Amino acid sequence: MRREHHKPRPGWEEIVAAQGLCFGLPARDERGRPRPYWDESVHYSFEMDEVLSLEATVEVLHSMCLEAVEQVVLMGRYRDFGLPEWSWEHIEKSWRRTDPYVYGRFDLRYDGRRPPVLLEYNADTPTSLLEASILQWHWKTDVFPDDDQWNSLHEKLVARWSALHDKLPGDEAHFVWSSADASGEDNVTLAYISECAAEAGFCAVGLPIEQLGWDSLLGRFVDLEEAPISTVFKLYPWEWMLDDEFGRHAVEQLPETLWIEPLWKTLLSNKALLAVLWEMYPGHPNLLPAYIDDPHELTEYVRKPKLGREGANIEIVGPDFRTETPGIYGEEGYVYQLLDPLPEFDSMRPVLGAWIVGDESAGLGIRETAGLITDDGAAFVPHRIPLQ
């Protein structure tokens with residue numbers, strides 16, 4: 001694994017905009033100065049053996065996570081996840097029904113020298129998908145046409161939607177995001193995912209989640225034309241939905257209206273998962289020690305809110321320092337994970353976002369930042385696998 005520099009393509013801004021990237025504020029470099037969110041002036045290169053090993057690790061982690069869901073459901077450990085009690089039985093039913101899922105993103109620490117370790121799992125509403133699937137593939141094709149890339153995301157997303165035909169009621173699916181997302185990132189991501197579904201034969205209908213209707217007389221969700229909705233793909237976190245009456249309707253009406261990602265993924269998108277995995281697989285080379293609501297023996301750790309997002313409310317305790325980010329999370333409790341700082345490459349720290357589609361490893365997206373926490377100031381940089 002190496003960080004390399006290369007001259008950006010002439011007119012790269014127009015190129016990535018034409019491919020759909022039209023959101024986000026500038027990222028920040030090691031001095032805090034603005035840099036493009038999509039930054040193709042640098043990239044990471046990997047050996048094929050590294051990528052094959054990372055692919056295998058992702059599928060092992062995916063299998064372990066499914067086993068963790070089974071254990072949590074079997075033992076009724078929902079309270080550890082800070083989820084409302086009324087939702088517990090519905091989460092179990094969703095898991096027992098095997099409500100279908102599409103994708104997820106594992107965030108890994110990797111330096112090319114020792115095995116990757118799981119930092120967290122974005123299993124419910126992962127973004128940076130368009131960048132990982134489309135933008136960096138076209139960059140690789142334009143700049144390094146003879147090289148390869150860990151990237152079969154588009155093909156596997158289309159194949160996954162095709163495989164869901166027999167599991168979903170009908171050929172129509174609604175794709176919803178929140179209009180409160182001022183960056184436009186969710187909207188762009190939804191547009192891309194809906195294109196994959198349409199390529200697989202679905203009739204894809206997009207609308208803000210705020211425009212999703214509830215017919216109280218008939219007890220069903222409806223669209224703007226009052227037509228019943230049978231399948232909804234959302235980029236809106238389950239934990240937000242469970243906080244209001246809308247979420248109660250969504251949960252209690254399952255499976256008449258199926259939601260993707262499914263309700264049982266509330267257990268995978270929650271940082272408490274990290275502690276459950278460590279309990280089940282202590283000493284595993286791809287895991288870090290992690291505990292719920294107490295650091296136990298850890299003297300250097302990262303404290304993460306169970307339902308935190310975008311690096312908010314993270315506290316890092318090191319050998320001679322302590323730092324914390326602001327935010328609105330934490331009432332649900334925390335998970336304490338061993339501090340294993342991201343490696344430095346040219347004063348920048350990359351986190352590897354390894355994608356799973358269905359049950360198969362599907363690709364890699366890299367975000368890097370100068371700090372210890374990968375937040376909304378991170379830049380996305382492409383990667384390649386030299387073949388010569």
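In the predicted model, helices H4 and H5 meet through Leu129, Ala132, Ser133 and Ile134 on the side of H4 and through Leu153, His154 and Leu157 on the side of H5. Sorted by class, this contact comprises 5 nonpolar and 2 polar residues, with no charged residues. Helix H4 spans residues 129–143 and helix H5 spans residues 153–163, and the two pack at an angle of about 120 degrees, their axes lying 9 Å apart.

The model also contains an open sheet of 5 strands, arranged in the order S6-S5-S18-S19-S20 with antiparallel pairing. Strand S6 (117–122) and strand S20 (379–381) form the edges, each of them pairing on one side only, and from one strand to the next the twist averages 35 degrees.

Within this sheet, strand S18 (residues 349–357) and strand S19 (residues 360–369) run antiparallel and are joined by 9 bridges. Arg349 stands opposite Thr369 in S19, while Pro350 is placed opposite Glu368 in S19. The hairpin of S18 and S19 has 2 residues between the strands, and in this hairpin Gly358 adopts a positive phi near 65 degrees.

Strand S19 is in turn connected to S20 by 3 bridges, again in an antiparallel arrangement, with Ile366 standing opposite Val381 in S20. Of the 10 residues of S19, 9 are buried, and the strand is therefore largely enclosed by the rest of the structure.

Note on methods
Residues are numbered from 1 along each chain as its sequence is written. This is a predicted model: local features need pLDDT of at least 70, side-chain atom pairs count only at pLDDT 80 or more; totals for chains, interfaces and linings use all residues. Side-chain values use heavy atoms; hydrogens and water are left out. Two strands pair if DSSP finds at least two bridges between them. Helices (H or I, at least four residues) and strands (E, at least two) are DSSP runs, numbered from the N terminus. Axes are lines fitted to C-alpha atoms, for helices over the stretch in contact, and angles run from 0 to 180 degrees between N-to-C directions. Contact means heavy atoms within 4.5 Å. Ala, Val, Leu, Ile, Met, Phe, Trp, Tyr, Cys and Pro count as nonpolar, Asp, Glu, Lys and Arg as charged, and the others, Gly among them, as polar. Buried means under 20% relative accessible area, exposed over 50%, partly exposed in between (1.4 Å probe, protein chains only).
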